[in-house]
Amino acid sequence: MSPRRTLLLLTGLLAAAALGALCLGTPVVSPARLPAVLLGERDSLTGVVVGELRLPRLVLGLLAGACLGAAGLVLQEALRNRLAVPEMLGVSSGAALGVAAPLVLALSLPAVVQPLLALAGAALGGVLTLLAAGFGRSPSAVLLTGAAVSAALQAALLVLMVMADQLDLQLVYRYLLGSLSARVWPDVTGLGPWLLVALPALVLCAPVLSVLRLGDDDAEALGVRARHARLAALAVSVVLIAPVVAVCGPVAWVGFLAPQLARRLRPGADAVRWLPWSAGWGACVVVLADLPARLALAPVETPVGAWTALLGVPAGVVLLRKRGGAAARGRPAPAPGTGPGTAGGTGAGAGPGRRGAAA
């Protein structure tokens, strides 16, 4: 698909999702009346609902989805594995553990500390995964190790949930599924300082990702220290993910689906060009998923993370299967002893130093 058509598709979906987010619910606001509600009726009940509840929720969903989509692409490109998502590397679980632990243990901490706790937990989970997997020289080893680290951190979360009382248990459970419910403008503005740190680092990190795709040996030959580059990519991802998890909880699988959509619709691009598309599709996925989260069982709200997982995982699997089938039709059968981890393969087992290793 051409860049213009892709941009039109993404813009149209975002505009439709934004209108639905602001207009649908109780009370229902017609699109024609929406500007007047936002600008001239801020003191009315409808103006308060739209301007102080729905609008910050929409902005937060856009920012959270963009951060998660960009972080997912950074992790996948740095580790040369399309299944390397925050949920499978201990990053999201670590951030959730850092935020949930003080709540269950009844520790009174100011709200400004929560992103720092999420940052520490996410860094702990990601660094443990990289250390145990030898800093990602084998993409399949990273994935397996990350799954083990995530399982251990989730077990710690279950222990905390057993210790929690009934009220805290409900709060922790909803938080762990990821929710945009009852989020207001201070929650949105709290992401600002982190974005000011993450965006310049993301711009500097993007060109290195294309070099890491070549494999560790080739990257070293081009002057890029693979271990340092992966640690830098992990740090950028942690700064993108942790503040979002601190505010919204771990909104699942956005970091998996958004990069797949970016690659599928812009197959001839590279990591630098995929990055803004991945951020845009991440924002679109979260805002679209928040519509059924608000409306499907109204007046009861469901966590947005449940809908991103429910809809995102099957869609991502379909995209991966289509890409795998197209690649198989476009190249000859592999020689004996070769497999998806060899040069030109798309599987998770791509070996280090091979050109065309899976990203």
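Predicted model: local features only at pLDDT ≥ 70, side-chain atom pairs only at ≥ 80, totals over all residues.
1. Which residues of α12 are buried? They are Val 254, Gly 255, Phe 256, Leu 257, Ala 258, Pro 259, Gln 260, Leu 261, Ala 262, Arg 263 and Leu 265, where buried means under 20% relative accessible area, exposed over 50% and partly exposed in between, with a 1.4 Å probe and protein chains only.

2. Residues are numbered from 1 along each chain as its sequence is written, and side-chain values use heavy atoms, with hydrogens and water left out. Helices (H or I, at least four residues) and strands (E, at least two) are DSSP runs, numbered from the N terminus.

3. Helix α3 (residues 45–79) has 35 residues and reaches 50 Å between its first and last C-alpha, close to the expected 51 Å. Because 26 of the 35 residues are buried, α3 is largely enclosed by the rest of the structure. The helix bends by about 30 degrees at Arg 54, and Pro 56 follows within four residues; the bend is the angle between axes fitted to the seven residues ending at a residue and the seven starting there.

4. Within α3, Val 50 counts as buried at 1% relative accessibility. Not counting residues up to four places away in sequence, Val 50 touches Leu 22, Val 29, Leu 34, Val 37, Leu 38, Leu 55 and Pro 56, contact meaning heavy atoms within 4.5 Å. Leu 38 is 12 residues from Val 50 in sequence, and their C-alpha atoms are 7.1 Å apart.

5. The axes of α1 and α3 come within 9 Å and cross at roughly 150 degrees, which makes α1 roughly antiparallel to α3. Axes are lines fitted to C-alpha atoms, for helices over the stretch in contact, and angles run from 0 to 180 degrees between N-to-C directions; angles under 35 degrees count as roughly parallel, over 145 as roughly antiparallel, 65 to 115 as roughly perpendicular and the rest as oblique. Leu 14, Ala 18, Ala 21, Leu 22 and Cys 23 of α1 meet Val 50, Arg 54, Leu 55, Leu 58 and Leu 62 of α3.

6. The axes of α4 (residues 91–104) and α7 (residues 166–177) come within 11 Å and cross at roughly 170 degrees, which makes α4 roughly antiparallel to α7. The contact is made by Ala 95, Ala 96, Val 99, Ala 100, Leu 103 and Val 104 of α4 with Asp 168, Leu 171, Val 172, Tyr 175 and Leu 176 of α7.

7. Most residues other than glycine have a negative phi, and most peptide bonds are trans. Arg 80, in the loop between α3 and α4, has a positive phi near 55 degrees and counts as buried at 0% relative accessibility. Trp 253, in the loop between α11 (226–248) and α12, has a positive phi near 65 degrees and counts as partly exposed at 24%. Cis peptide bonds join Thr 26 to Pro 27, with omega about 5 degrees, and Ala 298 to Pro 299, with omega about 10 degrees.

Key: Expected span 1.5 Å × (residues − 1).
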